[in-house]
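Subject: Structure handover

Hello,

Here is the structure I said I would pass on. My notes on it follow below.

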Amino acid sequence: MELKKYKLGEILDVTRGASLSGEFYATEGKYIRLTCGNFDYQNNCFKENKSKDNLYYIGDFKPEFLMEEGDIITPLTEQA
């Protein structure tokens, strides 16, 4: 079997996260803001972030920044 090389952009879309205005952070809402607090680095999994109470975003944002099932997230800020 021969392995074929691909550039990531040929098989998936790579984007970076959005910068969200703090004036639209809220204690409740429809959309949760994903932050580094949503990642359990020791167990390599997603977790509910309970470190803050303003974890929702109620402002406008581009639809491509709304995560969907099957999306891959790669947090780039080292918190561990």
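How much space lies in the largest pocket? About 1,400 Å³, in what is a predicted model. The pocket is lined by 32 residues, and those closest to its centre are Arg16, Gly17, Ala18, Met67 and Ile73. Sorted by class, the lining has 20 nonpolar residues, together with six polar and six charged ones.

Next, the fold. The chain contains one helix and five strands.

On overall dimensions, the radius of gyration of the chain is 16 Å, whereas a compact globule of 80 residues would have one near 12 Å. The C-alpha trace spans about 55 × 30 × 20 Å along its principal axes.

How much of the chain is buried? Of its 80 residues, 12% are buried, taking that word to mean under 20% relative accessible area.

Last, the contacts. Counting those between residues at least 6 apart in sequence, 66% join residues that are at least 24 apart.

Regards

Notes
Residues numbered from 1 in each chain as written. Predicted model: local features only at pLDDT ≥ 70, side-chain atom pairs only at ≥ 80, totals over all residues. Heavy atoms only, no water. 1 Å grid on protein atoms, 1.4 Å probe; cavity = no way out; pocket = protein on both sides within 12 Å on 5 of 7 lines; lining within 4 Å. Points joined across faces, edges and corners; volume = space filled by probe spheres on them. Nonpolar A, V, L, I, M, F, W, Y, C, P; charged D, E, K, R; others polar. Helix = DSSP H or I, 4+ residues; strand = E, 2+ residues; numbered from the N terminus. Rg over C-alpha atoms; globule rule 2.2 N^0.38 Å. Buried < 20%, exposed > 50% of the residue type's maximum accessible area, 1.4 Å probe, protein only. Contact = heavy atoms within 4.5 Å.
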